[in-house]
Amino acid sequence: VGLAQYDMAIADLERVLAERRAELDSSTVRVVEKNLAAIDRAIADARAALAANPANPYLNDHLATTMRRKMGLLRRVTAPFAT
């Protein structure tokens, strides 16, 4: 799976979360937002490092792993809304 595919899947899940957020408990929303913010910082850091060293296999793997982590969190949160 390429990074562009992760970006598209994440965008879809974020859209579902935004649309259904009012149906979630406010404490759940706070925890999810805190965790997503931490993951987003890690993704931004990895992208910045990759811009400087695009061929680095560790950085490429780290970015993909971090994006999968974000997708996993979003999937768990949005699972009750799956149709």
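Is Lys70 buried or exposed? Lys70 is buried, with a relative accessible area of 6%. The close-ups below start from there; keep in mind that this is a predicted model.

**View 1. Lys70 and its surroundings.** Lys70 is found in helix α3. Leave aside residues up to four places away in sequence, and Lys70 touches Ile10, Glu14, Leu36, Ile39, Asp40 and Ile43. Why does Lys70 count as buried? The cut-off for buried is under 20% relative accessible area, and Lys70 has 6% relative accessibility, so it counts as buried.

**View 2. Lys70 pairs with Glu14.** Here's a salt bridge between Lys70 and Glu14, with the closest N and O atoms 2.8 Å apart. Lys70 sits in helix α3 and Glu14 in helix α1, so this pair ties together parts that are 56 residues apart in sequence. Glu14 counts as partly exposed, at 31% relative accessibility, whereas Lys70 is buried. As a general point, side chains of opposite charge can pair when their charged atoms come close.

**View 3. Asp7 reaches Arg47.** How many salt bridges does the structure hold? It holds 6, and one of them joins the side chains of Asp7 and Arg47, at 2.8 Å from N to O. This pair links distant parts of the chain: Asp7 belongs to helix α1 (residues 3-20) and Arg47 to helix α2, 40 residues apart. Asp7 is partly exposed, with 34% relative accessibility. Arg47 is partly exposed too, with a relative accessible area of 34%.

**View 4. Glu19 and Arg15, a pair inside helix α1.** Now for a salt bridge within one helix. The side chains of Glu19 and Arg15 meet at 3.3 Å, N to O. How far apart are Glu19 and Arg15 in helix α1? They are 4 residues apart, so about one helical turn separates Glu19 from Arg15. Glu19 counts as exposed, at 54% relative accessibility, while Arg15 counts as partly exposed, at 42%.

**View 5. Helix α2 alongside helix α3.** Let's look at two helices together. Helix α2 covers residues 26-52 and helix α3 covers residues 57-78; their axes come within 9 Å and cross at roughly 160°. Angles over 145 degrees count as roughly antiparallel, and α2 and α3 are therefore roughly antiparallel to each other. The crossing in which α2 passes α3 is left-handed. On the α2 side, the residues making the contact include Val32, Leu36, Ile39, Asp40, Ile43, Ala46 and Leu50. From α3 come, among others, Leu59, Leu63, Met67, Lys70, Leu73 and Val77. Sorted by class, the contact of α2 with α3 has 14 nonpolar residues, 4 polar ones and 4 charged ones.

**View 6. Helix α1 alongside helix α3.** What angle do the axes of α1 and α3 make where they cross? They cross at roughly 25°, and the axes come within 10 Å. Angles under 35 degrees count as roughly parallel, which makes α1 roughly parallel to α3. This crossing is left-handed. The residues of α1 that meet α3 include Leu3, Tyr6, Asp7, Ile10, Glu14 and Leu17. Among those of α3 that meet α1 are Leu63, Met67, Lys70, Leu74 and Thr78. In this contact of α1 with α3, 13 residues are nonpolar, 1 is polar and 5 are charged.

**View 7. Thr78 in helix α3.** Thr78 has its place in helix α3. Which residues does Thr78 touch, not counting residues up to four places away in sequence? Thr78 touches Leu13, Val16 and Leu17. With a relative accessible area of 6%, Thr78 is buried.

**View 8. Asp61 and Ala46.** Our last stop is Asp61, which is also placed in helix α3. Asp61 is partly exposed, with a relative accessible area of 47%. Asp61 and Ala46 are 15 residues apart along the chain. In the model, 9.6 Å separates the C-alpha atoms of Asp61 and Ala46.

Note on methods
Residues numbered from 1 in each chain as written. Predicted model: local features only at pLDDT ≥ 70, side-chain atom pairs only at ≥ 80, totals over all residues. Heavy atoms only, no water. Axes fitted to C-alpha atoms, helices over the stretch in contact; angles between N-to-C directions. Parallel < 35°, antiparallel > 145°, perpendicular 65-115°, else oblique. Left-handed = near helix turned anticlockwise from the far one by under 90°. Contact = heavy atoms within 4.5 Å. Nonpolar A, V, L, I, M, F, W, Y, C, P; charged D, E, K, R; others polar. Salt bridge = Lys/Arg side-chain N within 4 Å of Asp/Glu carboxyl O. Buried < 20%, exposed > 50% of the residue type's maximum accessible area, 1.4 Å probe, protein only.
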